[in-house]
Amino acid sequence: MTHRSFVLACLAPLALVTTAFFLLPMGRLMLVGATGPHGLAGYLDIVLEPRYRATLINTVVLAAATTLATMVIATISGMFLERHRFPGRSILIAMLTFPLAFPGVVIGFLIILLAGRQGVIGDLTQILTGEKIVFAYSIWGLFLGYLYFSIPRVILTIMAAVQKLDPGLEEAARSLGAGPWAVQRDVVLPALGPAFVASGAIAFATAMGAFGTAFTLATNIDVLPMLIYTEFTLAANFATAASLSIGLGLISWAILRYRAHSPAAPWRRRADAMRDRLIFIAQLSFTLLVAAFLVVPALLSISAGITANYFRGISSGVTLQWVAQVWELYADTIALSFLIAFATLGATLVIGVPAAYALHVRGGTLSRVTEEVVTLPLAIPGMAIALALLLTYGGFGGFRRSWMFILVGHVVFTLPFMLRSVMAVFATIDVGTLDEGAASLGASPMRRFIDVIVPNAMPGIVAGSLMVVTLSLGEFNLTWMLHTPLTKTLPVGLADSYASMRLEVASAYTLIFFIMIVPLLVAMQLVAGKEQRA
Amino acid sequence: MTMDLGHGVAVRIEACGKTFADGTRALEPATLDIARGETLVLLGPSGCGKTTMLRIIAGLETPDSGGRVLFDGRDVASEPIERRNVGMVFQSYALFPNMSVADNIGYGLKIRGVSKADRAARVAELVRLTNIEGLENRRIDQLSGGQRQRVALARAVAIRPAVLLLDEPLTALDAALRERLRGELDRLLRSLGITTIYVTHDQAEAMALGDRIVVMSKGMITQVGTPRDVYLRPESRFVAEFIGAANIVEAELRDGRLLLPGGILAVADAGSRPGAVAMIRPETISLTAPEAAMLSGHVDGVSFVGDRQRVIVTGAAAKPLTVDASNSAVVRTGERVGLTISPEAIWLLSDPPSNDVRPEG
């Protein structure tokens with residue numbers, strides 16, 4: 001086999017899966033969007049129909065507010081953590097980043113524990129003011145949920161960007177006479193600009209399309225994903241649901257694709273020791289507060305899961321009965337989740353690793369377009385993809401009813417992560433020359449791929465694998481739409497228990513989810529840390 | 001230390017040009033013969049097409065249609081690199097980070113199905129030959145630049161290649177190490193006696209290693225010859241200036257004498273023409289008392305470089321002349337000096353004179 005045909009063969013599975021399970025369904029979704037009473041004009045309803053327009057504005061305002069708040073919080077804490085070394089720093093970082101893999105449903109539940117009817121904020125305010133403040137089920141609860149979701153991501157991006165900043169740049173600016181403020185304004189912030197823009201865009205797009213959190217908090221919060229969900233499942237209004245999904249997808253994609261320049265909060269360098277100390281303490285306290293916001297609800301959930309009666313508090317006794325009950329009720333969802341997660345991993349490895357290699361060595365316009373198309377699911381809300389799959393393959397009864405249907409959704413959703421992760425490694429090692437080196441020694445294209453390419457891509461493969469498994473285990477947005485009563489995964493079961501079980505059972509179930517997901521997260525951090533040191 | 005490694009093949013490239021997809025002409029159609037066992041150096045500035053030519057021989061690039069690559073008369077154009085049995089040392093070495101030093105060296109043999117024991121023996125032999133004993137189990141990232149270079153060479157030679165191809169193998173190293181490895185490489189290549197094609201932009205490296213040098217410029221071969229040929233008898237001004245330091249003197253030639261602003265110079269050519277272009281190497285000019293020479297000028301600057309002094313003399317020719325004087329000579333800036341050059345040391349080039357000749361006032 002010549003090298004050229006080997007590279008094409010590497011791309012074949014990717015082309016097949018993307019066409020069958022992403023492009024075709026998305027095309028179908030677009031067609032269905034135009035089948036309503038207004039035909040193609042149905043696409044304009046999203047801005048013309050007053051109710052839809054109000055929802056759209058609501059969603060955009062909420063997403064923008066989330067983005068802005070996240071950026072400010074994450075910039076302060078991220079810069080602080082990257083620029084200072086102090087005891088307990090790594091624990092603080094771990095606390096700030098562990099919610100990375102929590103699906104929206106879980107975050108919704110954590111917000112309920114924080115600000116719901118039995119929430120800790122309600123209890124505190126009752127003690128302090130005599131009045132119970134409950135806002136989990138309103139747009140404020142959703143805002144808090146999105147913050148919870150976005151902060152870890154954005155902090156990580158900003159920390160990485162600050163770390164990569166060449167100290168020589170700052171030193172050069174100072175050698176040219178720039179004062180501390182000018183250095184920040186002219187050198188540091190512009191250098192961080194791309195990171196601000198990238199993480200801001202991600203925060204905005206996820207807030208636009210997130211469904212799980214809103215679903216857990218209340219079905220009557222007026223945001224676009226909820227509207228689509230009710231139109232599709234309750235009103236059986238397929239055309240509207242489809243056109244709204246396309247609209248939502250387009251907005252999210254456009255935000256991620258055409259990242260405008262975003263302003264960023266200025267950050268000053270220390271001037272003298274006294275002020276330095278004060279700033280340090282202020283930043284540390286702020287960061288601790290952020291960490292508390294992320295950790296306290298999770299701790300509440302864990303304690304609720306092992307408390308005999310949460311209403312009466314931990315004094316009612318510690319018990320494992322809720323965990324046992326969950327195991328009895330939901331063990332099959334856990335097993336199915338693992339089955340799907342590892343099947344997803346297998347599929348993304350087989351499809352993604354050869355494709356990443358092929359896209360890297362081929363280069364050129366076609367590769368760039370392919371990469372763009374394949375990574376689209378990162379930008380399009382899971383809900384739109386799920387609807388597209390349902391509208392295309394919903395008629396194939398056997399397939400629709402099997403767990404394979406969920407698997408397909410997970411593969412489409414996680415493939416970009418594997419692809420990106422492996423391609424990132426290829427970008428740092430000189431794959432082309434290694435390949436030529438092995439070829440000069442007589443190895444065939446296949447042999448080269450196995451002996452040289454794959455072993456050297458290992459860090460990316462491992463990181464991508466951990467991410468795929470973690471994402472698949474926690475995936476809710478797609479899975480909720482694709483599941484059947486017989487194919488429930490863990491997050492689906494979680495949503496179930498949040499809706500119908502007592503708080504302790506729901507918490508115990510969440511606890512089981514934490515136990516499964518946290519080791520994966522720790523492994524992911526370790527791999528990332530090892531990469532950074534290497 | 002001579003070993004029977006075979007002497008490789010004779011290589012012929014025939015009308016090989018290369019135009020890239022974007023329309024860039026990297027190499028004009030060129031024909032070149034490399035004898036069995038010869039070390040041929042492709043020398044030129046970056047972008048001259050030397051690496052493209054090497055990659056065509058390797059099988060990493062296909063020549064434009066009409067071009068052929070022959071190994072011992074056999075056309076190998078249709079064979080990809082993995083079937084050409086070439087040993088290649090890359091500029092970045094391309095050592096596999098996922099394998100140890102020994103595994104890297106033995107990889108080509110493993111591909112060829114050589115048994116484990118034979119492989120180990122051969123690896124040991126090469127480790128000895130390239131002076132990297134004790135490093136066999138190291139990882140690649142634990143090696144210094146010089147050690148990597150040796151491993152890359154050992155790996156390329158291990159497969160007993162038909163041709164050894166080296167793409168700027170010393171460029172990534174610092175100057176002192178480069179010089180030392182150049183000596184080692186020369187001894188190794190001589191002892192192997194294998195057909196070798198060596199790409200470099202460093203003329204000193206080319207002179208030290210090549211049986212013949214191919215000087216290239218702008219995608220074309222400008223001269224092929226022994227190091228002595230290209231240094232002493234360059235065929236063009238480009239070759240004269242690219243290899244070593246050269247004074248290019250443009251002047252009228254009348255009856256075997258060059259008429260210069262500061263006097264006259266006798267040359268070996270008895271002809272006459274208005275615009276002769278001559279090359280004079282700095283080390284062939286001796287400084288004398290002004291009245292003892294037929295050509296004189298003023299010392300404009302002296303720099304002491306250790307083994308000699310580089311003296312700039314103005315007023316002798318249209319442009320300042322560079323003269324290498326012994327490091328013990330007493331030369332002062334501003335003083336008038338005579339210049340003596342033997343007629344045989346003045347090499348007349350066929351290039352036309354440039355237009356920017358300005359007589360000094």
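Helix axes are lines fitted to C-alpha atoms over the stretch in contact, and the angles run from 0 to 180 degrees between N-to-C directions. The structure is a predicted model, in which local features need pLDDT of at least 70 and side-chain atom pairs count only at pLDDT 80 or more, whereas totals for chains, interfaces and linings use all residues. Residues are numbered from 1 along each chain as its sequence is written, chains are lettered from A and ligands numbered from 1 in the order in which they are written, and side-chain values use heavy atoms, with hydrogens and water left out.

**View 1. Packing of helices α21 and α22 in chain A.** Helix α21 (residues 445–456) of chain A packs on helix α22 (residues 458–474) of chain A at an angle of about 60°, with the axes 4 Å apart. The pair is therefore oblique (angles under 35 degrees count as roughly parallel, over 145 as roughly antiparallel, 65 to 115 as roughly perpendicular and the rest as oblique). Helices are DSSP runs of H or I with at least four residues, numbered from the N terminus. A:Val454, A:Pro455 and A:Asn456 of α21(A) meet A:Met458, A:Pro459 and A:Ile461 of α22(A), a contact meaning heavy atoms within 4.5 Å. Five of these residues are nonpolar, one is polar and none is charged (Ala, Val, Leu, Ile, Met, Phe, Trp, Tyr, Cys and Pro count as nonpolar, Asp, Glu, Lys and Arg as charged, and the others, Gly among them, as polar).

**View 2. The interface of chain A with chain B.** Chain A contributes 19 residues to the contact and chain B 21 residues. About 1,700 Å² is buried between the two chains, 60% of it from carbon and sulfur atoms; buried area is the accessible area (1.4 Å probe) that two parts lose on being put together, summed over both. A:Glu436, A:Ser440 and A:Leu441 supply 39% of the area that chain A buries against chain B, more than any other three residues.

**View 3. Salt bridges between chain A and chain B.** Two salt bridges link the chains, each a side-chain nitrogen of Lys or Arg within 4 Å of a carboxyl oxygen of Asp or Glu. B:Arg55 and A:Glu436 form a salt bridge with an N to O distance of 2.6 Å; B:Arg55 lies in helix α1 (residues 50–58) of chain B and A:Glu436 in helix α20 (residues 431–440) of chain A. A:Arg448 pairs with B:Glu82, the closest N and O atoms being 3.1 Å apart.

**View 4. Confidence along chain A.** The mean pLDDT (the predictor's confidence in each residue, from 0 to 100) of chain A is 84. Confidence in chain A is highest in α21(A), at 93, and lowest in helix α8 (residues 167–175), at a mean of 69.

Definitions and conventions:
Helix = DSSP H or I, 4+ residues; strand = E, 2+ residues; numbered from the N terminus.
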